[in-house]
Amino acid sequence: MKTFIQIMKKEVADYFLSPIAYIVICIFLIITGWFFFSTFFLFNQAGMRNFFALLPLVFAFVIPAVTMRLFSEELHSGSFEILLTLPLTLGQIVAGKFAAGVVMTGAMLAPTLAYPISISFIGDLDWGPVIGGYIGAMLLGGSFAAVGLFASALTRNQIIAFILGAAICLTLTLIDKMLFFFPASILNIIEYIGADSHFQNIAKGVIDSRDLVYFISVISIGLLGAHTVLLKKQ
Amino acid sequence: MIYVENLTKYYDHFCAVDRISFVVRKGEIIGLLGPNGAGKTTTLKMLTGYFPPSDGTIRVGDYNMNDHSLAIKQMIGYLPESSPFYKTMLVYDYLMHVAGIRGIPPSGRLARLKYLSDLCGLKDIMHKTIGELSKGLNQRVGLAHAMMNDPEILILDEPTQGLDPNQIVEIRNIIRRIGREKTVIFSTHILSEAEATCDRIMIINRGRIVADGDTKDLKLSGQGTVIHMTLKNAVFDDVKKTLTDIAGVEKVEKADPADNGLVSVNITCRAENDLRELIYQKIKTTDWTLMDFHQEAHTLEAIFRNLTCQ
């Protein structure tokens, strides 16, 4: 447990001691802030639905950019060898790096809490969907971080890791909007694979076990995938 | 301390290490020698648990590598070949990070770092980023990294590679100092280094151990002694005839720089006896002038070349 936290601390420190964290957070806030507030007053509704509607698409690009270096960099520089000869299990390494990705997602979302707080001053804000939205956002961010981590474990090239991660996340986000491409017999499965609908369910303020199971499954598959790939690399 | 049996490693179909077995006793300093690509690094990587062997077993103390790799990793400090540490981290931050992973309690970390910084000479570079260090300094950070939790066993992969002569002497001294209490295994292809530092030498070629023994014994087991001699007013054939008569001389060969009427010869003698006196007495009876006469020290080089050249 202690070693897992040590790995996480190191990765989080790496983000915040270099410009990476600040650049990513700024870009995230500018994009989401712009798209959300440019139409906010037109709708004249004290809610955050538009913010959460946009989030999966933005996350699909931003989170793989955060996670792309986690393993690729180690594989590229050879420091992975050192990591494996320290008294650590591969599971602890994967979990520590994943946790760092989740912390980074939290750090991106935290400043956006200013939106609901300011909205609650000017209108009658329903806090249920907002809280649901943030819980959903953390689950979604965690799922994408696990996917990004898997992509990062596959290659020593960070750019490939990013493109691969973003491609998978984008597929998960958009697949349930392309249902007409698929035969009717597998429509149910495809619909279930899509991350967006699960996220929007939670963002409505309804926390259903089906949606929780979905996100936990994606996280588990991503982490297990990363673990397996790294084990094979030895 | 370390028991290795039938250790084998295949990379796809290439056999890098071929059924090697050896035992390392506590407190030994062992030099692993061999030409490039002989399997030194592969052997060390398996000992440190970086990758599993294709076949064979490794036991360290009471632990088996298959079942207790974490316990073994805790006992081993490892300095990899090119010391690829996190380039963007400060030396201080990096060593603190390693201390955390090694399970040193937070209250003891600073004291440990101070001790290691004195031992490895890191005082002036603690607050530099690792990426801007020279090769030698990087290597010292690596040594501190390897000794973080005062491990029982130190495994160093070419610790003096790329260092200047002063740094090499320094690192050697550190290794010898550590070796008084700890077991040290290090690989190198610099023979004089192994000779100067190790109690025991193991020579690996093409994935197999071709020699293994105490440094002194190994040197004595070599090709016998070579005496080098340069004479004036002599003819090689006469010299050869005269010297071959002495009991114990195996071979008399012409050596290269035979100019200005000088004759240079290399005399190979059987290892057990010192023939210098006999040869000198013999020379005295002739009218040759002795210009140069010395016995070459027993070197590992000849043994090494003999064992590893095909």
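Tutor: Domain bounds here come from an automatic or database domain assignment. This is a predicted model, in which local features need pLDDT of at least 70, side-chain atom pairs count only at pLDDT 80 or more, and totals for chains, interfaces and linings use all residues. Residues are numbered from 1 along each chain as its sequence is written, and chains are lettered from A in the order in which they are written.

Student: Which domains does the assignment of chain B give?

Tutor: The assignment divides chain B into two stretches of residues. Their centres, taken over C-alpha atoms, are separated by 42 Å. The domains of chain B are domain 1 (2-220) and domain 2 (225-308).

Student: How many residues does the contact take from each domain of chain B?

Tutor: Two residues are in contact if their C-beta atoms, placed from the backbone, lie within 7 Å. The contact takes 13 residues from domain 1 of chain B and 8 residues from domain 2 of chain B.

Student: Which elements of chain B each supply at least two residues of the side of domain 1 that touches domain 2?

Tutor: Helices (H or I, at least four residues) and strands (E, at least two) are DSSP runs, numbered from the N terminus. The elements of chain B are α7 (191-197), β9 (200-205), β10 (208-214) and α8 (215-220).

Student: Are α1(A) and α3(B) roughly parallel or roughly antiparallel?

Tutor: Axes are lines fitted to C-alpha atoms, for helices over the stretch in contact, and angles run from 0 to 180 degrees between N-to-C directions. Angles under 35 degrees count as roughly parallel, over 145 as roughly antiparallel, 65 to 115 as roughly perpendicular and the rest as oblique. Helix α1 (residues 2-17) of chain A packs against helix α3 (residues 91-101) of chain B at about 160°, with the axes 8 Å apart. The two helices, α1(A) and α3(B), are therefore roughly antiparallel.

Student: Which residues of α3(B) does α1(A) meet?

Tutor: The residues on the α1(A) side are A:T3, A:Q6 and A:K10. Those that they meet in α3(B) are B:H97, B:G100 and B:I101.
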